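This report describes a single protein chain and its ligand site. The sequence and the structure come next.

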Amino acid sequence: MTASKSIAIICASKYGFTLLCSLAIFKKLADVGVYVSLNNLAEETPDLNKYDTVILGGPIHNGKFFRPLNKFIQNNVEQLLTKQLAVFITCIDEERVEDYYKSALPEAVYLNTFYKTCLGGMLQFNKLHPIEKR
Ligand SMILES: Cc1cc2nc3c(=O)[nH]c(=O)nc-3n(C[C@H](O)[C@H](O)[C@H](O)COP(=O)(O)O)c2cc1C
């Protein structure tokens, strides 16, 4: 696969679990020779022009994507609609996964997504901010 036909994993992670999931996906794809880049929104804002397939991954916070990923999606809806799009979420309430896909993604992006999955979640209670423990 050439750089013009490459995959971007674009993730945000507050406490590290989603980043671990993203690294695992990155490694699986890289190991089979796929040209893939891992973009952590805490460190960089990727240029979507470089990719034709995008995997968005983030934790669910109060029914939405964790803010940096939510903001990235809102700012790039038009471009995301031109990509092959897959999404993974991490969350602890797996019974609400179907609702979360819809509440985390703008409708057009949701409809343009060819694959969605939930990779479970990890809540490290001792790391949470006091406000998050309520
Ligand atoms: C502030 C906050 C809000 C959360 N809200 C939800 C929620 O609405 N539904 C849910 O299933 N999990 C919720 N979670 C759990 C996270 O989605 C889960 O712990 C995720 O795996 C954390 O990923 P991270 O380690 O990459 O930050 C919340 C966690 C935090 C810290």
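Which residues of H1 are buried? They are Thr 18, Cys 21 and Ser 22. Viewed down the axis of H1, these buried residues fall within an arc of 100 degrees, so they line one face of the helix. The model is a predicted one, and local features are taken from residues with pLDDT of at least 70.

**Helix H1 and its surroundings**

Helix H1 covers residues 17-31. The helix has 15 residues and reaches 21 Å from its first C-alpha to its last, close to the 21 Å expected at 1.5 Å a residue. Leu 20, Ala 24, Lys 27 and Asp 31 are exposed on the other side of H1. The cover over the buried residues of H1 includes four strands: E1 (7-11), E2 (36-40), E3 and E5. Just after H1, Gly 33 has a positive phi of about 90 degrees.

Ala 30 also belongs to H1. Is Ala 30 exposed, partly exposed or buried? Ala 30 is partly exposed, because 14 other C-beta atoms lie within 10 Å, whereas a buried residue needs 20 or more and an exposed one has 12 or fewer.

**The ligand shell**

The ligand is surrounded by 20 residues, and the closest are Phe 17, Thr 18, Pro 59, Cys 91 and Gly 121. Two elements give two or more residues to this shell, helix H1 and strand E3 (53-61). Which element gives the largest share? E3 does, with 3 residues. By class, the shell has 9 nonpolar, 8 polar and 3 charged residues.

**Strands E3, E5 and E6**

E3 and E5 run parallel and are joined by 7 bridges. E5, residues 84-90, also pairs in the parallel sense with E6, over 5 bridges. Individual bridge partners can be named for both pairings. Ile 55 stands opposite Ala 86 in E5, and Ala 86 in turn stands opposite Tyr 115 in E6. Further along, the partner of Ile 89 in E6 is Cys 118.

Does E6 lie largely in the open or under cover? The strand spans residues 113-118, and of its 6 residues the number buried is 0, so E6 lies largely in the open.

Asn 40 is placed in strand E2. With 17 C-beta neighbours inside 10 Å, Asn 40 counts as partly exposed. Not counting residues up to four places away in sequence, Asn 40 touches Cys 11 and Leu 19.

Asn 62 sits in the loop between E3 and strand E4 (64-65). What is its phi? Phi of Asn 62 is near 50 degrees, a positive value in a residue other than glycine. Asn 62 has 7 C-beta neighbours inside 10 Å and therefore counts as exposed.

Lys 71 lies in helix H2, residues 67-75. Lys 71 is partly exposed, with 14 other C-beta atoms within 10 Å.

Val 77 is found in helix H3, residues 77-80. Val 77 is partly exposed too, since 13 other C-beta atoms lie within 10 Å. Leaving aside neighbours within four places in sequence, Val 77 is in contact with which residues? The contacts of Val 77 are Pro 106, Ala 108 and Val 109.

**Separations along the chain and in space**

The table pairs several of these residues with another residue of the chain.

| Residue pair | Separation in sequence | C-alpha to C-alpha distance |
|---|---|---|
| Asn 40 and Ile 9 | 31 residues | 8.3 Å |
| Lys 71 and Gly 57 | 14 residues | 13 Å |
| Val 77 and Phe 88 | 11 residues | 17 Å |
| Ala 30 and Glu 78 | 48 residues | 28 Å |

The residues named in these pairs include Asn 40 of strand E2, Lys 71 of helix H2, Val 77 of helix H3 and Ala 30 of helix H1.

Technical notes
Residues numbered from 1 in each chain as written. Predicted model: local features only at pLDDT ≥ 70, side-chain atom pairs only at ≥ 80, totals over all residues. Near = placed C-beta within 6 Å. Nonpolar A, V, L, I, M, F, W, Y, C, P; charged D, E, K, R; others polar. Pairing = 2+ DSSP bridges. Expected span 1.5 Å × (residues − 1). Arc of directions from axis to C-beta. Contact = placed C-beta atoms within 7 Å.
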